[in-house]
Amino acid sequence: MKNKNQSVFDGLLADNTVLSSCMVISPVIICGDTLRNAEALAMAFTAITLLSVLLCSFIPKRLPYAVKIIIYAVISSLIYIPVRMAAQEFFPGIITRIGIYFPLLAVNSLIVVQTEAKFFRMKRLKMIPALLFYVAGFDAVILITAFIRELLAYGTINNRMVDADTLISGLGQPFGGFIFLGLLCGAYRAVRSLFPAEQSTGRE
Amino acid sequence: MFLINDFIALLAANLILTQALGTSTIFIASGSRRKLVATTLVITLFTTAGAAAAYAVDSLLPSQYSYLTLLCYTLTVSLLYVIFLTVFYFISKERFKSVRRYIHISAFNCAVMGTLFTISGRASEDPALSNIGSYVFAGLEAGVGFVLAALILSAAFHKLNSAKVPAAFRGSPAMLVYLGIISMAVWALK
C-alpha cells in the first residue's frame with residue numbers, strides 16, 4: 001500500500017494497474033492492437049480477476065505465503081476453464097489470435113501478487129468496490145489503447161474501415177505497443193502532476 | 001559469423017523484446033546488479049526446469065483435455081516453487097531470506113508461464129521439437145534471452161531514471177519507449 005488514505009477509486013486512475021504500476025502490460029502491448037482483441041481480453045480479465053480474488057479472500061490468512069500464492073494460482077487456473085469456454089462462444093477466432101496471452105491472464109500480478117499486498121489488507125466491503133475499480137482501470141486502458149492503435153495502425157474501428165489519411169503500421173507491431181504504452185504512461189503522469197493533491201502524495 | 005547468427009537468433013526469439021513477457025519483472029530486476037543476477041538466475045532455473053515439466057504435461061495430457069493445460073502448468077510450477085524453496089532453505093538458511101523473495105517474484109511470472117506456453121505451441125507446430133531435449137534447450141534459451149534483455153535495459157537504467165529525463169517520463173515510461181526501440185531493431189533483424 002503506497003498510501004494509507006487509499007480510496008476505493010484509486011484503481012481507476014491514481015493507482016492504475018497498467019499506467020501507474022506497469023503490471024499486466026504484456027497483453028496490452030501485444031494484443032491491444034484491435035478493439036476485438038481488447039474486448040475479449042477485458043471480458044476475460046474482468047471475470048477471472050473478480051472471481052479469483054473474491055474466492056481467494058476466503059483462504060485463511062494464517063497459511064504460509066508460498067502456500068497461499070499456490071492456492072491463488074490454482075483457483076484462478078480453475079476459473080480460467082469456464083471463462084475460456086464462454087469466450088470461445090462470444091469471440092470465436094479471437095481467442096486463437098490472442099494465443100498464450102489468454103491463459104496468462106489467469107496468473108496476472110493483480111491476482112498473484114496484489115491480493116496479498118493490497119486487497120486482503122482491506123475489509124471485504126471495501127475490497128470489492130476497490131477491486132472493481134482496479135479491474136475497470138485495466139479494462140479502460142486496454143480498450144483506449146486498442147481503439148487508438150487500431151485506428152492509427154490499420155485505419156479501422158472494430159474492424160470497420162474509417163476515413164483515416166495517415167496510417168502508422170508500426171503501431172500494430174509489438175514495438176509499437178511498447179512505444180505507445182510508454183508515451184501513454186508519460187502523458188498520464190504529466191496529467192496527474194497537474195493536480196496538487198497528486199504531487200503531495202509523492203508517489204512514484 | 002556462426003556466433004553472430006546465434007546471437008541474432010537469440011535476440012529474435014527473445015520473449016521480452018518480441019512478446020513483452022516479464023516486462024514488469026525486468027523493470028524491477030534492472031534496478032541493481034544484485035537484483036538483476038538473482039532474478040535472472042531464478043527465472044532461468046524456472047524456465048529450464050518448467051520446460052521439462054511442460055514436456056511431461058504435454059506428453060501425458062490427452063489433446064481433448066487441452067483446456068486443462070494451464071491448470072497442469074500451474075500445478076507443475078507450484079511443485080517447482082516448493083522444491084526450489086526447500087532446496088534453497090537447506091542450502092543456506094541465512095541466505096534463504098534474501099533468495100526467497102526472488103523465488104516468489106519468479107514462480108508465477110508471465111515470463112515463466114509464457115515460456116512454457118510458447119515452447120508447447122512451437123512443439124505442436126513442429127513435431128521435430130516435441131522431445132525433452134528441445135523443450136529444455138528452449139527453456140534455457142528463454143532464460144538466457146531474459147538475461148540478455150535485462151542486461152540491455154540495465155545498461156540504460158540509470159540514465160532513464162536520471163534527472164535529465166522529464167519527470168513525467170522518468171522511470172517506467174522511458175524504459176518502455178527504450179524497450180520499444182530495441183524491440184524495433186530486433187524486429188528489423190528477423
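In this predicted model, helix α4(B) passes helix α5(B) in a right-handed crossing. Helix α4 of chain B spans residues 33–60, and its axis and that of α5(B) come within 10 Å and cross at roughly 135°. The two helices, α4(B) and α5(B), are therefore oblique to each other. From α4(B), the residues that meet α5(B) are B:L45, B:F46, B:A49, B:G50, B:A53, B:A54 and B:V57. On the facing side, α5(B) supplies B:T69, B:C72, B:Y73, B:T76, B:V77, B:L80 and B:F84. Sorted by class, this contact of α4(B) with α5(B) holds 11 nonpolar and 3 polar residues, with no charged ones.

B:Q64 lies in the loop between α4 and α5 of chain B. Because 7 other C-beta atoms lie within 10 Å of B:Q64, this residue is exposed. Apart from neighbours within four places in sequence, B:T69 is in contact with B:V57 and B:L61. B:V57 also belongs to the set of α4(B) residues that meet α5(B). For B:T69 and B:I181, the C-alpha separation is 34 Å at a distance of 112 residues in sequence.

Helix α5(B) has a further partner in α6(B). Helix α5 (residues 69–91) and helix α6 (residues 93–107), both of chain B, pack at an angle of about 165°, and their axes are 9 Å apart. That angle makes α5(B) roughly antiparallel to α6(B). Here too the crossing is described by its hand: α5(B) and α6(B) cross in a right-handed sense. The α5(B) side of this pairing consists of B:V77, B:Y81, B:F84, B:L85, B:F88 and B:Y89, which meet B:K93, B:F96, B:V99, B:R100, B:I103 and B:A107 of α6(B). By class, the contact of α5(B) with α6(B) comprises 10 nonpolar and 2 charged residues and no polar ones. Both B:V77 and B:F84 take part in this contact, and both are also listed on the α5(B) side of the contact with α4(B).

Helix α8 of chain B covers residues 132–160, and the axes of α7(B) and α8(B) come within 10 Å and cross at roughly 140°. These two helices are therefore oblique to each other, and α7(B) passes α8(B) in a right-handed crossing. From α7(B), the contact is made by B:A111, B:T115, B:I119, B:R122 and B:A123, and from α8(B) by B:S134, B:Y135, B:A138, B:G139, B:A142 and B:F146. The residues of this contact divide into 7 nonpolar, 3 polar and 1 charged.

Turning to the interface, the contact between the chains takes 38 residues from chain B and 38 residues from chain A. On the side of chain B that touches chain A, two or more residues come from each of α2 (15–19), α3 (23–29), α5, α7 (110–125) and α9 (172–189). Helix α9(B) gives the most to this side, with 10 residues. By class, the side of chain B that touches chain A has 24 nonpolar and 14 polar residues, and no charged residues.

The nonpolar core brings residues of both chains into view. The largest nonpolar core has 111 residues, of which A:I25, A:L41, A:A44 and B:M113 touch the most other members. Not counting residues up to four places away in sequence, B:M113 touches A:L104 and A:V107 as well as B:Y73, B:V77 and B:F108.

In chain A, A:I79 is found in helix α3 (residues 65–90). A:I79 is buried because 20 other C-beta atoms lie within 10 Å. Leaving aside neighbours within four places in sequence, A:I79 is in contact with A:I48, A:L51 and A:S52. A:N16 lies 24 Å from A:I79, C-alpha to C-alpha, and 63 residues away in sequence.

Note on methods
Residues are numbered from 1 along each chain as its sequence is written. Chains are lettered from A and ligands numbered from 1 in the order in which they are written. This is a predicted model: local features need pLDDT of at least 70, side-chain atom pairs count only at pLDDT 80 or more; totals for chains, interfaces and linings use all residues. A nonpolar core is a set of buried Ala, Val, Leu, Ile, Met, Phe, Trp, Tyr and Cys residues joined through C-beta atoms within 7 Å. A residue is buried if 20 or more other C-beta atoms lie within 10 Å of its own, exposed if 12 or fewer, and partly exposed in between; C-beta atoms are placed from the backbone. Two residues are in contact if their C-beta atoms, placed from the backbone, lie within 7 Å. Axes are lines fitted to C-alpha atoms, for helices over the stretch in contact, and angles run from 0 to 180 degrees between N-to-C directions. Helices (H or I, at least four residues) and strands (E, at least two) are DSSP runs, numbered from the N terminus. Angles under 35 degrees count as roughly parallel, over 145 as roughly antiparallel, 65 to 115 as roughly perpendicular and the rest as oblique. A crossing is left-handed if the near helix is turned anticlockwise from the far one by less than a right angle, and right-handed if clockwise. Ala, Val, Leu, Ile, Met, Phe, Trp, Tyr, Cys and Pro count as nonpolar, Asp, Glu, Lys and Arg as charged, and the others, Gly among them, as polar.
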